[in-house]
Amino acid sequence: MNIVSAERIEKRYGEKVLLSGVSFGIEDTDRIGLIGVNGTGKSTLLKMIAGVDVPDSGTIVFSGGARVHFLPQEPQFDPESTILEQVYHGDLPVMRLLRDYEDAVRDALQNPQSQRAQEKLIRLQAQMDAADAWSLEHEAKAILTQLGVTDVYRKVGELSGGWRKRVAMARALIQPSDLLVLDEPTNHIDNETVAWLENYLQRRKGALFMVTHDRYFLDRVVNRIFELHQGRIYTYPGNYESFLEGKLVREEAQRASEEKRQNFLRNEIEWIRKGPRARGTKQKARTQRYYEVLETTPEANQEAVEISAAASRLGKSVIELDHVSKSYGGRPIIQDFSYIVQRDDRIGIVGPNGVGKSTLLKLLAGIEQPDAGEVRTGSTVKIGYFAQEHNLVGKDARVIDVIREEAEYVETADGERIRASQMLERFLFPASLQWNPVAKLSGGERRRLALLKTLMSAPNVLLLDEPTNDLDIPTLSVLESYLDDFPGAVIAVSHDRYFLDRVANKVFAFGDTGGIDVQFGNYTDYIERVNAQGQSDVESLAKAARPTEATSHERRRNVVKFTFKEQKEYEEIDGWIEETEQALAEVEKQMQIHAADHVKLAELFEQQSALQEKLDNLLERWTYLNELAEEIERSKRQ
């Protein structure tokens, strides 16, 4: 059943067109993920669907009085209200009843001798029975517990931004609604909570419309993708993987259409130049058709962010942590941790919020000093530190001044010397936007600008603290490609599982007592190891790494080993590679035999492509397994 219909929505922000004639519908079974470059109007569209904003023209109709609840990126609360009061916020009778019941419980506990308080509590308990509100009350407290919120009577004004987001998440999930609208729900929550939220939304009844950069989240939760591009909406059935396939098909069709347009114009202009001036009706119609096609502006492909700033030369010595410890208020954050950063390290740092992940980055960057131990930095190291909260000078500063403050020119990886304004254009800041104040940028655009500022300094060691927060998926994809070719070390704190799988080849897993477990492989490899050891959650392995009398080398030796699956792969992968190479050679032989048979040749070409991709994956896995085997041997000799 259709619950929302949007018809020819138009929306501008100053001179910028955000939405141009957008129309779509939302069914009660839809789980929609909205994708697009930062600053194109994704959050604005969510706000209009939620009734927080209105279109300049067009209509949005809700059928049958459909109820909508909205989770914004930055939730606003009454600072004097309690967590529970905000979770039970709203004008629905059941929410008012839950608030009254909780007030009565607190009153009865504070005044156990008051007969009036006890009678009120009994009366409200009867109303809870009649309204069947107990299940909602139980679910609300279960959700808060799962999100780590235990003191439900604490004032919201005392909470940090991350905890306020959790309270807002709990409120969004328990509010009865036909359509739940979520703006970046996975920002500022840890991996374990994201996985729980995935499972919850998969079971939840009702429609879902959300913006998120978490590609695994999109893959596992949504059944439709909306792509917002140049003011238009393109819809794709299925999850994120299906979207990538559908987008490729659409762009190939656009390229084919543009090629036909160009061919038509070439033919027509030749006819016009050769023939006499058209006088007949048919000739005039043909000439008119030519000018119509000529004036048609082809749609540009999806904007591509180009990051090509060169890194400074990096020597053999990078950063060494020697028995480093750090505490805050008597609480151990990092205890007796030793590690030597290698030039080609790609390290992902994971763990619950507040355990010290950002502190480790600050120690590596020299922003903070350890309580014990030493952090030694090589003489050629130039650190690029991308913090969660990046200060882009004053609100009135212009976009171009932010980059010029770092460098007026930058040398790219291919030796080209380009100006700051050109680099901004490559980073999706056109000339018209470069002279705007930073205050006019969206949150995601400011984040992208801060990332460019970091990369403009030509670092050779990148320390990234939650780099995926507020960045759009196109920017993330190009950032990941950039990191593939970055000629230095990369150490990133992130809750984005896709990013960690894509970038990391080692994982530092934090426990809650200062222990750090070093694991080889990406995030999925790490989780598989945790599960293979029969432990129930992501933190268990890190908790097992609590400091003991053993040295850091002995602790590392205990955890560097193959899983059962990896051991089996290591023993058999040479045979798999040989079989694939033989199959590939046979296909290439058949291609020579059937060189004149285009149908057969096309079939063989597909087989060759599939086998080559399989071989590339096997060789990449072989490299990883052999490097891990060498590390295991070294750890045994220590």
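1. Start with helix α12 (residues 399–406) and helix α15 (residues 443–456): they pack at an angle of about 20°, and their axes are 8 Å apart. Axes here are lines fitted to C-alpha atoms, for helices over the stretch in contact, with angles running from 0 to 180 degrees between N-to-C directions. α12 and α15 are therefore roughly parallel to each other (angles under 35 degrees count as roughly parallel, over 145 as roughly antiparallel). Their crossing is right-handed; a crossing is right-handed if the near helix is turned clockwise from the far one by less than a right angle, and left-handed if anticlockwise.

2. A word on what you're looking at: this is a predicted model, where local features need pLDDT of at least 70, side-chain atom pairs count only at pLDDT 80 or more, and totals for chains, interfaces and linings use all residues. Residues are numbered from 1 along each chain as its sequence is written, and side-chain values use heavy atoms, with hydrogens and water left out. Helices (H or I, at least four residues) and strands (E, at least two) are DSSP runs, numbered from the N terminus.

3. Which residues make the contact between α12 and α15? On α12 they are V399, V402, I403, E405 and E406, and on α15 L449, L452, K453 and M456. By class that gives six nonpolar, no polar and three charged. For the classes, Ala, Val, Leu, Ile, Met, Phe, Trp, Tyr, Cys and Pro count as nonpolar, Asp, Glu, Lys and Arg as charged, and the others, Gly among them, as polar. Contact means heavy atoms within 4.5 Å.

4. Next, look at helix α3 (residues 93–110) and helix α4 (residues 115–131), whose axes come within 9 Å and cross at roughly 150°. That makes α3 roughly antiparallel to α4. This crossing is left-handed. Among the residues in contact are L97, L98 and Y101 of α3, with L121, L124 and M128 of α4. The contact has 11 nonpolar, three polar and three charged residues.

5. Helix α6 (residues 161–174) and helix α7 (residues 191–203) have axes 13 Å apart, at an angle of about 10°. That makes α6 roughly parallel to α7. R166, M169 and L173 in α6 meet T193, W196, L197, Y200 and L201 in α7. Six of these residues are nonpolar, one is polar and one is charged.

6. Now the loop residue: D371 sits between α11 (357–365) and β13 (372–377). Q335 is 36 residues away from D371 in sequence, yet 9.7 Å away in space, C-alpha to C-alpha. Leaving aside neighbours within four places in sequence, D371 contacts S325, K326 and S327.

Note on methods: Parallel < 35°, antiparallel > 145°, perpendicular 65-115°, else oblique.
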